[in-house]
Amino acid sequence: MTWHDQRMTATFYDRLAPYYHLLYGDWEAAITRQGDALSDLLTAQGIAPGAPILDAACGIGTQAIGLARHGYRLTASDISPGALARLRDELARRDLRARVQVDDLRTLRGVESESMAAVLACDNSLPHLLSDAELLQALRTCHRCLRPGGVAVFSVRDYASIARVSPDVRPYGMRHAAGSRFLAVQVWEWDGDQYDLRVYLTTESPTGACTTQVLTSRYYAVSITRLLALLGEAGFVDAQRRDDVLFQPVLLARRAHAAG
């Protein structure tokens with residue numbers, strides 16, 4: 001991802017931050033459901049509440065808020081300052097605590113090596129990195145941040161199961177907020193193994209006046225098979241796919257325990 005690509009991704013989520021919760025039928029329920037599921041997964045891996053964990057692509061906090069509620073010692077980072085500002089507000093409103101910082105998943109300069117029991121990046125964050133080289137860089141960085149025996153958790157789309165229709169129009173559905181109606185629609189336009197994403201956000205006021213914003217980003221439709229291979233190249237062990245955790249497939253991998 002070039003500087004331009006990085007800036008485009010940050011701007012996309014800066015602009016989406018005020019509306020992101022409206023992409024869910026019930027965002028509060030999603031926070032609870034995903035927080036519970038991820039806490040159960042981490043606990044089963046020996047990482048109990050109170051352990052230090054990093055949500056390295058936290059957005060406005062769909063996973064981070066739920067994990068903070070479970071008592072994890074949370075660092076939350078993202079490339080989008082706007083999303084992080086929203087997350088800080090959401091945490092304060094719920095009287096929850098987390099260390100929140102702008103950071104790049106490829107480098108995680110604000111995280112010390114071997115400081116985390118778990119690193120997470122959910123909601124299809126990895127495919128914003130547009131090449132295998134950048135994905136490998138990010139995965140090696142996540143590996144660096146983990147303690148020996150720590151785990152990485154990534155949720156991603158299963159692109160191998162998605163027909164490449166162009167344009168592919170994907171509506172979220174109608175929402176109601178503050179007396180207005182809100183409609184969001186994704187449009188995918190394919191370009192080889194990548195696609196341009198446009199999100200059309202339309203708000204209709206009680207008087208019938210409409211405004212529409214168009215947000216743009218780009219994704220790499222990397223397969224789960226390729227991601228599992230890259231996890232191995234990055235130094236992880238026991239990499240596996242889990243389909244019983246979140247609404248997207250989850251990739252789970254571990255940094256090996258120290259020898260001896």
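Q: Which element gives the most to the lining of the largest pocket?
A: That would be α2, with four residues. One thing to keep in mind: this is a predicted model.

Q: Good to know. How much space lies in that largest pocket?
A: About 470 Å³. The lining is made by 24 residues, and the closest to the pocket centre are Tyr 20, Asp 123, Tyr 172, Phe 247 and Gln 248. Besides α2 (27-44), the elements giving two or more residues to the lining are α1 (3-16), β7 (180-191) and β8 (194-204).

Q: And how do the lining residues divide into nonpolar, polar and charged?
A: There are 17 nonpolar residues, four polar and three charged.

Q: Switching to the sheet: in what order do the seven strands come?
A: The order is β3-β2-β1-β4-β5-β11-β10, in an open sheet with mixed pairing. Neighbouring strands are turned by 15° against each other on average, ignoring direction.

Q: Which strands stand at the edges?
A: β3 (99-102) and β10 (236-242) do. Each has a single partner strand, so one side of each has no neighbour in the sheet.

Q: What about β4 and β5, parallel or antiparallel?
A: Parallel, with five bridges joining β4 (116-121) to β5 (146-155). Met 116 stands opposite Leu 146 in β5.

Q: Nice. Which strands does helix α5 lie across?
A: Helix α5 (132-145) lies across β4, β5, β10 and β11 (250-255), and runs at about 140° to β5. Helix α6 (224-233) packs on the sheet too, touching β5, β10 and β11, with its direction at about 160° to that of β10.

Definitions and conventions:
Residues numbered from 1 in each chain as written. Predicted model: local features only at pLDDT ≥ 70, side-chain atom pairs only at ≥ 80, totals over all residues. Heavy atoms only, no water. 1 Å grid on protein atoms, 1.4 Å probe; cavity = no way out; pocket = protein on both sides within 12 Å on 5 of 7 lines; lining within 4 Å. Points joined across faces, edges and corners; volume = space filled by probe spheres on them. Nonpolar A, V, L, I, M, F, W, Y, C, P; charged D, E, K, R; others polar. Pairing = 2+ DSSP bridges. Axes fitted to C-alpha atoms, helices over the stretch in contact; angles between N-to-C directions. Contact = heavy atoms within 4.5 Å.
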